[in-house]
Structures are given as structure tokens and as C-alpha cells.
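This briefing goes through the contacts between chains in the model shown below. The points are grouped by topic, and each can be checked against the coordinates.

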Amino acid sequence: FEELVVETTKKRKQWPKKILKHAVQTYKAEQE
Amino acid sequence: PPTRAQLFDTVVDTVLEKLVAAGSYERFASCYRCFYKLQPEVTKSIHEQFIFQLQASIKEEIQEVKEEGKLEMLFDALDRLVEEAKDQQEPAWRPSGTPEEDALSAMVPYLLKHHSYLQRVLKEKVEDNKQLAEAVLAGRGRIKELQQLIQARREAWQ
Amino acid sequence: SVSPMAYEAQFFGFTPQTCVLRVYIAFQDYLFEIMQVVENVILKKLEAVPGCKVSPLRIRKCTEKFFVFMKEQFNKLFSNLETVLLQLVLSIPPNVLLPEDKVHEQYPYSKEQFQVLQGEVQELQRQCRAEAAAGQALRAELEEQKVVQAELEKILQWFAGLESICREHGTSSVKESFTFLTQNSKKLQDVLKDVEKKSR
């Protein structure tokens, strides 16, 4: 359970930034 | 108010002190009565060593736990966050439990920028096209004029 | 139900309960270890005593008695420690937002609001594409117009050139000249017919 909580919260912290990176690349590509 | 790091150290030290107090020489000697009767001086010495080792080992292990988990740094950071939020009375945002919805908010600032960019580009294109359209209409007018002039010359020759 | 203290785990990288457990284990393990050392020391000391009637089993019972007592005391003390650590040291107050989540405070968009914004962006994209296509078409027509205008102007220039040649050769009005020539030709034809008739 501890591992699950830690893994989930790690993803909560890191994945929005990773997703954002791709989203920003998409917007920039559309702008170009 | 004490910092989180200070509070942590204080409560751990307090438990250790009280544990040491509970394991008093009287209690120790009472449990090891048979040995105490044989060698009271040695019993005292062993008890002192026991207390010393217990305190030293536990303190060392707690220090390792603190270093491993970078607790001091984290406690300081959390104290700073709490200080910064001291004027916020309302409960702050917490994860909703639906990751895809929470991730959307992270994209909002960039989507808003993209929205502004598109609005600006559209405005420029509309303006450019307006001028182009005027030029095209003027061109069509000129062509019609030329065609009429040519028609008039041709008819005159005919 | 057990509170997972997930927001705290997000900050610390471990759950507060794990940290408390580590502290508990530190105390418990060393208490046990040192008790064993104490027992061994006592047994060694007893070996050196000649005619000692205290058996190792009895020493073991003493050790167990002392250890059980210490463990009970420790468990009582530890419940307070656990409360203080979980509630005051290792917890994030409800009004505190972690730095990585600041965007939720600045842009509190619901799913529906986000979809509306996305819809607006898609509409803007569509309009941009339409305007770009319109711009292309307009530029293409301008280019065509240039070519057509050039051709038409060439034709007009040709007409102007003809008129200019006639003027250079003394004919200010081609129409009048042709009329005059036609009339003269007709007169000459009439005179010719007359002469032929008279000669017959």
C-alpha cells in the first residue's frame, strides 16, 4: 500500500509536467 | 513557534529520555535480582553501559533516518510553504482523484497563450485579406475599363 | 478507514506513516539488540564466578522480564510520539498548496470550462485556416490580373500605335480619310463609266 501511494503521488507530481511538455510542443507546432 | 525539525528532534529525544528513565537502575536490578545479589557493582556498570549504548545507538539510527529521507531540508521547505500560506484561510486545492481532469489545469496557461496567439494571427490575416480584397476589386475594375476601351477602338475600326 | 496522507507523500516522497514506522523500528530494534548484548555480558560474568548456581535460563527469564517491561513503556510513549509526528510534523495543513500545484490556484478551470476553451481554440484554428486559404486565392487572382492587364494594355498600345502611324503620315483622322477616299473612288468610278459610255 505504501509503495502504491508513493508511486501514485510521484506520478501526480511528475506527469503533468511531462504531459505539458508535449502539449506545448503541439501548440508551438500548430503556430508554426 | 518551533520549527518542524526542532519539534521532531524534541519529541524523539523526549521519548528516549522517558524510556531511559523507565529503564532505571532499580528496575534493571529488580529484573536481574539473582545477578545483582552476586555482583552489585558489575550490575551497576552493566546498566550504565546499557543506557549509554541504547541512547547512542538510537540517536545514531534516527540521524541516519533523517539523512536518508533528507528530513531537515524537507521540514524547512514545508515550514516555508506554511509561512507563505499563513494568510490563506480557505482550504487549498487537492487532487480530485481524476488525474485527467487535474492534468488539464496544468495546460490552461499555455492553452490561453495559444488562444491569444491565434486571435492575434487571425486579426492580422483578416486585415491583410481586406487589403488584398480591395486590391483585387480595384484590379477587376481596371480590367473591365481596359476591355471597354479596347471594345470602343475595335468598333471604331470596324 | 486509513488516511493514506497522499498529499504528504507527494511532498516527502514517502508516507508519514513509513517515517514513523522507521523511528519505531529504530527504537525497537536497538532495544532488542542491546538487551541481547546485556544478557551475553551477564552470562560471561557469571561464567567467571566459581560455583555459580544461576543458570542461563534464569538469566534469559530476567532479560525477557526487563525487555517486556521496556517494550510496554516504549509503546505507551510511542503513541504520543506518533500523534505529534503525524499531526504536527509530517502533515501539510489544509490551506497549504504545494508548488507543483500552484497552477490549480491560478487557473481553476473545470473540465467543462477547459472544453469550452479548447472549442474556442479549434474555432480560431478553423478561421485562421480559412483566412489563409482566402489570402492564397486573392494573391493568385492578383497575379492573374497582372498578366491580363499587361495583355490588355498591349492591345491598347497597338491601337494607339496604329493611330500614331496614320498621324505621322498626315492623316489626322483615319475615318475621314477613308470616307474621302471612298467618295473619291466612287466619283472616279462614275467618271470612268461616263468616259467609257461617251467613247462607245
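How many residues of chain B are in contact with chain C, and with how many residues of chain C? In this predicted model, 82 residues of chain B are in contact with 83 residues of chain C.

**Chain B against chain C**

- The area buried between chain B and chain C is about 8,000 Å², and carbon and sulfur atoms give 80% of that area.
- Of the area that chain B buries against chain C, B:Y32, B:W93 and B:W157 supply 8%, which is more than any other three residues supply.
- Between chain B and chain C the count is five salt bridges, and one of the side-chain pairs that meet in a salt bridge is B:R153 with C:E163, at 4.0 Å from N to O.
- The count of residue pairs in polar contact between chain B and chain C, with both residues at pLDDT 80 or more, is 16.
- On the side of chain B that touches chain C, at least two residues each come from α1 (4-22), α2 (25-31), α3 (33-38), α4 (40-68), α5 (71-84) and α6 (99-157) of chain B, and the largest share, 34 residues, comes from α6(B).
- By residue class, this side of chain B divides into 53 nonpolar, 14 polar and 15 charged residues.

**Chain B against chain A**

- Nine residues of chain B are in contact with nine residues of chain A, and the area buried between the two chains is about 890 Å², of which carbon and sulfur atoms give 76%.
- B:M107, B:Y110 and B:H114 supply 52% of the area that chain B buries against chain A, more than any other three residues.
- Across the interface of chain B and chain A the rule finds zero salt bridges, while it finds two residue pairs in polar contact, both residues being at pLDDT 80 or more.
- The side of chain B that touches chain A divides into seven nonpolar, two polar and no charged residues.

**C:Q125**

- C:Q125 has its place in helix α5 (residues 111-168) of chain C, and it counts as buried because its relative accessible area is 15%, under the 20% cut-off.

**Domains of chain B**

- The domain assignment of chain B gives domain 1 (4-84) and domain 2 (116-158), and the C-alpha centres of these two domains lie 92 Å apart.

Key:
Residues are numbered from 1 along each chain as its sequence is written. Chains are lettered from A and ligands numbered from 1 in the order in which they are written. This is a predicted model: local features need pLDDT of at least 70, side-chain atom pairs count only at pLDDT 80 or more; totals for chains, interfaces and linings use all residues. Side-chain values use heavy atoms; hydrogens and water are left out. Contact means heavy atoms within 4.5 Å. Buried area is the accessible area (1.4 Å probe) that two parts lose on being put together, summed over both. A polar contact is a pair of N or O atoms within 3.5 Å; within protein, one must be able to donate a hydrogen and the other to accept it, and residues adjacent in sequence count only if both atoms are side-chain atoms. Helices (H or I, at least four residues) and strands (E, at least two) are DSSP runs, numbered from the N terminus. Ala, Val, Leu, Ile, Met, Phe, Trp, Tyr, Cys and Pro count as nonpolar, Asp, Glu, Lys and Arg as charged, and the others, Gly among them, as polar. Domain bounds come from an automatic or database domain assignment. Buried means under 20% relative accessible area, exposed over 50%, partly exposed in between (1.4 Å probe, protein chains only).
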